[in-house]
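Please examine the protein displayed below and follow its description from the overall fold to single residues.

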Amino acid sequence: MDPFDGSTSPAETLRRVSASLGCSPTSADVAEYLDKHDKLRHLRDEFLVPKIADLPPSDLSLVDGTKDCIYLVGNSLGLQPKMARKYLEEELDKWAKTGVHGHTEGSRPWAWAEDNIEELMANVVGAKTEEVALMNGLTVNLHLLMLSFYKPTAARHKILLEDKAFPSDHYAVESQIRLRGFDPQRSMLLLSPRPGEETLRTEDILEVIEKEGDSIAVVMLSGVQYYTGQLFNMAAITEAGHRKGCYVGFDCAHAAGNAELKLHDWGVDFACWCSYKYLNSGAGGIAGAFIHEKHKDTIKPALMGWWGHNLKTRFQMNNVMELQPGVNGFRLSNQPILLVCPLQASLEVFNMTNMQALRRKSLLLTGYLEYLIKHYYTEDPAQPHKPHVRIITPSDPQQRGCQLSLCFSVHIRRVFQELEKRGVACDMREPSVLRVAPVPLYNSFSDVHRFVETLGSALTASSQ
């Protein structure tokens with residue numbers, strides 16, 4: 001039996017594996033077995049996993065500081081690829097030794113270094129190379145894209161987004177509406193879950209698009225919702241938006257490198273993403289933008305810069321713009337080589353596998369986390385004082401990436417502090433949510449088992 005073939009649910013896979021081993025599905029032996037049979041386990045060796053002793057909050061009286069930490073926060077900042085330092089040092093050395101000649105010499109000439117890795121990036125997001133540009137930061141790219149795709153009229157002026165979108169998206173949309181002379185109170189159409197529910201139902205999103213579509217200029221949603229971890233049905237949303245004459249774009253910050261994306265095949269009009277979460281390029285890393293090839297000759301940048309000019313004639317300096325087609329015409333200036341290097345290091349690791357294989361592992365890895373959380377922390381009426389956990393991320397694996405958002409019955413800060421003391425890196429959202437993301441590129445099943453085990457100790461300590 002191949003536990004990673006996806007032929008059975010994660011729970012059933014765990015039961016079968018444990019039965020073959022003669023142990024409980026919650027045993028550490030199951031995690032060890034899955035790690036042993038994980039064909040992607042070698043990819044962890046391409047990253048630097050912090051030691052517990054090196055994490056500032058660690059309490060070495062409670063835990064062995066020589067062990068790898070339990071790093072489950074790749075949804076916020078990915079681990080450092082081992083090759084990042086080598087590539088950075090190569091460019092610093094080239095700068096020191098050759099100065100200005102580095103613009104055109106070496107394995108990654110600074111004047112077009114990002115061009116060398118855009119194919120790798122396109123593979124991760126399901127796009128054609130010419131549909132992807134690496135440039136700027138996410139919010140800058142979102143503004144540049146919205147300036148061209150958001151063309152409000154008196155009849156069609158609304159932008160549809162989640163009520164609890166990531167703040168940067170909300171602010172960008174709000175300011176774009178104001179920039180065109182419209183009122184965000186009237187032109188921002190916000191989607192909220194049904195009363196008593198945590199996540200948006202796909203049918204409700206599609207219904208709003210159907211009912212309000214004639215007044216919607218742009219549908220602008222997350223690929224994966226940052227707080228709940230919900231993976232939206234981007235294909236269905238895109239199709240629904242296009243039926244009503246809307247442009248459809250996505251912020252893929254939490255989706256790129258996490259979910260299997262098919263931006264080209266789905267016909268998405270535009271998308272943008274950062275690269276320091278699941279794409280492991282380091283804090284503030286260079287971001288990505290996508291414009292579907294169907295728009296390459298019709299959608300033009302509202303703001304232009306030198307780097308949008310055709311490379312072949314760019315240095316003729318005649319001030320007659322020869323605009324590159326599609327997203328490449330949206331470039332403003334040369335990209336920072338020191339940000340290109342770590343992203344290259346990460347994308348080369350992605351290129352050692354593919355998103356389909358990573359997704360197969362992810363379904364089981366996150367399913368394993370879900371199984372253990374439900375086993376140990378489901379609410380028990382017989383023990384009313386025992387802390388319990390409710391998973392607010394959808395239980396349907398097709399509606400989530402690797403992240404689970406765990407909602408606790410107790411205030412989370414003390415629990416989070418106790419986890420940090422014990423070498424766990426995850427993410428807290430007060431008053432009661434932990435975001436936990438087992439990343440298939442470098443996390444193991446043993447990481448998940450250690451986390452759930454450590455959570456028990458943290459809950460006990462926090463209640464004393």
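**From the whole chain to single residues**

Among contacts in the protein between residues at least 6 apart in sequence, 69% join residues at least 24 apart; a contact means heavy atoms within 4.5 Å. The model is predicted, so local features need pLDDT of at least 70 and side-chain atom pairs count only at pLDDT 80 or more, whereas totals for chains, interfaces and linings use all residues. Residues are numbered from 1 along each chain as its sequence is written, and side-chain values use heavy atoms, with hydrogens and water left out.

The secondary structure of the protein consists of 15 helices and 15 strands. These are DSSP runs numbered from the N terminus, with at least four residues (H or I) for a helix and at least two (E) for a strand. The radius of gyration of the protein is 23 Å, close to the 23 Å that the globule rule gives for 464 residues, so the protein is as compact as a globular protein of that length. Here the radius is taken over C-alpha atoms, and the rule is 2.2 Å times the number of residues to the power 0.38. Along the principal axes, the C-alpha atoms fill a box of roughly 75 × 60 × 45 Å. Of the 464 residues, 55% count as buried; buried means under 20% relative accessible area, exposed over 50%, and partly exposed in between, with a 1.4 Å probe and protein chains only.

Helix α13 comprises residues 355–377. At 1.5 Å a residue, its 23 residues should span 33 Å, and its end C-alpha atoms are 31 Å apart, which agrees. The expected span is 1.5 Å times one less than the number of residues. Of the 23 residues of α13, 17 are buried. Asparagine 354 caps the N-terminal end of α13, with a side-chain oxygen 3.1 Å from the backbone nitrogen of glutamine 356.

A search of the whole structure finds 10 aromatic pairs. Rings of Phe, Tyr and Trp (its six-membered ring) pair if their centres lie within 6.5 Å; planes under 30 degrees apart count as stacked, over 60 as edge-to-face and the rest as tilted. Tryptophan 306 and phenylalanine 315 form an edge-to-face pair, 5.3 Å centre to centre with 70 degrees between the planes. Tryptophan 306 is partly exposed at 39% relative accessibility, and phenylalanine 315 is partly exposed at 48%. The rings of tyrosine 368 and phenylalanine 445 have their centres 5.9 Å apart and their planes at 50 degrees, so this pair is tilted. The pair links distant parts of the chain, since tyrosine 368 lies in helix α13 and phenylalanine 445 in helix α15 (residues 445–462), 77 residues apart. Both tyrosine 368 and phenylalanine 445 are buried. Ring pairs join Phe4, Tyr368 and Phe445 into a cluster.

Helix α15 also contains serine 462, which counts as buried at 15% relative accessibility. Leaving aside neighbours within four places in sequence, serine 462 is in contact with Arg414, Val415 and Glu418.

Where does lysine 294 lie? Lysine 294 is found in the loop between β10 (288–291) and α11 (311–314). With a relative accessible area of 42%, lysine 294 is partly exposed. Not counting residues up to four places away in sequence, lysine 294 touches His242, Gly267 and Asp269.

Methods. Polar contact = N/O pair within 3.5 Å; in protein donor to acceptor, adjacent residues only side chain to side chain.
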